[in-house]
Amino acid sequence: MSATSAAETTEATGTPLARLVAARRAAYRADVVTDDPPQLTRGSASRRLTDQVARVVMWASFGLAMVPLVWILGTVVARGYELLLASSWWTLSQRNINAADVGGGAVHAIQGTLIQAAVTAAISVPLGIFTAIHLVEYGRGRLARAVSFMVDILSGVPSIVAALFIYAVWVTTFGFQRIGFAVCLSLVLLMIPVVVRSTEEMLKLVPNGLREGSYALGVPKWITITRIVLPTAFSGIVTGVMLGLARVMGETAPLLILGPYTKSIATNLFDGYMPTLPTMINQDRTEIGLDSAMERMWATALTLILIVLALNLIGRWAARRSSVRR
Amino acid sequence: MTTRSSAIIIVAMSGALALGACGSDATKTGTAATGTAASDCPTGTLKAEGSSAQKNAIEAAIKSFQTKCSGTTINYAATGSGAGIKQFIAGQVDFGGSDSTLKDDEAASAATTCASPAWHLPMVTGPVGIAYNLPSVSSLVLNADVTAKIFLGQITMWNDPAIAALNSGTTLPATKISVFFRSDESGTTDNFTKYLKAAAGTAWTVESGKKWNGTAGEGKPQNAGVATAAKSVEGGISYMEWSYVTQNKLGLAKIDNGSGPVELTSASVGKMIETATQKGTGNDLSLTLDYATKTPGAYPINLVTYEIVCSKYKDAAKGKLVKSFLTHFVSADVQKSLEALGYAALPSSVSAKITAAVAAIG
């Protein structure tokens, strides 16, 4: 037992997905196994020394890893909070606000970011979840291996490459304009592998006993998947989707290439430029000498962090609401 | 269970969207009387991209245009002249902004995209000032030859005989000259070194370009960087956009172009622009600037940025909007207002030509 919990601890320090997997695995196990943690006896002096050293190293590493996080958050909050307190930030756009003008609003960019994220999610979540269902529930043989391999490759594609691919297809080949929807397409490429991988892991964690029980009652496979497997894994899937969404919302490369900034409100995905928070940051970034632009840049960064945070909280809350009750 | 929780998510998300959706563009100025919807006010959106040298000027013009015509939106992305030309040729933007004129092959591609010849319309002139920090000297005259030697580190003291020869009657202090140049690539450097190459002849021994190739002095990033540096050291000298000289209360050198010292003013810049020869034909107003001009009263260190437009737009509504915006941009009021931003107003003889060309856009 202690060996397994050690393995779990190692797992828990990995990527968000690995942590999620570990947590879910532990949750399922808790349903079946309920033994107390093993009692440690006092070891020899050298073993206690090793223990102390390991403890110090662990806490030091933890502290070190926290430094950049706290530093970044602290800087962004300290430099950006002022503009966020003004109501105009949440109700106006940057129309007719030039770099040297103070303040203005971010509502145009917030709308753009949310719309693009929503459309990206609407395309990639069904695609990702169905792919994962295929891989876990149906996929056997060559096709499944090929799909799995492709998803692996896709998850390793840098965002700039995804953006340039869409640019090559959308603008160079078809001669279309750079519009919000093209941005969504490249974001879809980045979000699909995240959704597939996390959903796949969640589905694999659903105990086979549940599926077998369902079959034993004569329930067809597709109803078993929709009524038993998906609800059981739902909270994990939602968390995975939120992770993917957080990734694409902060993505900048596709926006720089496919989604030029505009200072006015623009909500049409299919015509004209569409402002987003990352491109708004980029717009003010170049005006190094101007305090007004710098202040706006930090405030925009803080806004983006807050929105991603809010989405994550909503996701967690929804996942908790929906967890299968015994 | 699943349906209820997805309903929760949908409600939450649409809530967030709705929250965003209640915003408005209205940065409305209280006075509604500022010429609302005049007869020359079409509606629509324009996309433009290019030179960062004219960013502040065009943004100011956009602001006043959008205020006058509230149904219009003009987007200008200051991504650089090269990017502006590329996007214009690719048909991604309605007009491009560029510091340099189109090369022959670029002009041909642009004409294919437009299905009509593309025109250069000079809209913004940006003079470069030579700023110095000598509290005891209120007026300083330099010429191209001496400037080149100072910036190459060959003249190191302010009381050097070469400087004194240009400034008879002024007592020059025995202060060391501290040269500051731009450490980043910039159009200002390009423009300044082009002038030195053209006007100083053999005295300017290094290449001109966006990157500073001299070896003397100290590099600082951005206009603000060189201005602050020159201000902090007595005896400092640097080149920068006009507005930074005045903002930092530095001395502004007069340039002796061979026909006597010339002060940097809108009028003296205008004189230099008037001496430029038109390279294009008809309404294509691409100019060849004569940096080595000896016209009395012409300030020689200038940059002209163009808007590159189609002479006839495939989409008539776009053409109308481009026309309306550029008419506004070239108008005397707007040009005059650019002086506060460190640009010089176009001389009336040139702006008359531009106005005629803008009117001919179809």
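Predicted model: local features only at pLDDT ≥ 70, side-chain atom pairs only at ≥ 80, totals over all residues.
In chain A, helices H5 and H10 come within 10 Å of each other, axis to axis. In chain B, strand S6 is mostly covered and has bridges to S8 and to S7.

**The H5–H10 crossing in chain A**

- Helix H5 of chain A covers residues 107–138, helix H10 of chain A covers residues 221–249, and their axes cross at roughly 140°.
- An angle over 145 degrees would count as roughly antiparallel; H5(A) and H10(A) are therefore oblique to each other.
- As for handedness, the crossing of H5(A) and H10(A) is right-handed.
- On the H5(A) side, the residues in contact are A:Thr113, A:Ala117, A:Thr120, A:Ala121, A:Val125, A:Ile129, A:Ile133 and A:Glu137.
- They meet A:Ile225, A:Ile237, A:Val241, A:Leu245, A:Val248 and A:Met249 on the H10(A) side.
- Sorted by type, the residues of this contact come out as 11 nonpolar, 2 polar and 1 charged.

**Strand S6 in chain B**

- S6(B) runs parallel to strand S8 of chain B (residues 236–241), and 3 bridges join the two.
- In that pairing, B:Val179 sits opposite B:Ile237 of S8(B).
- S6(B) also runs parallel to strand S7 of chain B (residues 218–220), again with 3 bridges.
- Here B:Phe181 is the residue that stands opposite B:Gly219 of S7(B).

- A:Asn96 isn't a glycine, yet its phi is positive, near 65°.
- You'll find A:Asn96 in the loop between helix H4 (87–91) and H5 of chain A.
- A:Asn96 counts as buried because it has 23 C-beta neighbours inside 10 Å, and the cut-off for buried is 20 or more.
- B:Ala115 isn't a glycine either, and its phi is positive at about 60°.
- B:Ala115 lies in the loop between helix H4 (104–114) and strand S4 (118–132) of chain B.
- B:Ala115 has 11 other C-beta atoms within 10 Å, so it is exposed; the cut-off for exposed is 12 or fewer.

Note on methods. Residues numbered from 1 in each chain as written. Chains lettered and ligands numbered in written order. Axes fitted to C-alpha atoms, helices over the stretch in contact; angles between N-to-C directions. Helix = DSSP H or I, 4+ residues; strand = E, 2+ residues; numbered from the N terminus. Parallel < 35°, antiparallel > 145°, perpendicular 65-115°, else oblique. Left-handed = near helix turned anticlockwise from the far one by under 90°. Contact = placed C-beta atoms within 7 Å. Nonpolar A, V, L, I, M, F, W, Y, C, P; charged D, E, K, R; others polar. Pairing = 2+ DSSP bridges.
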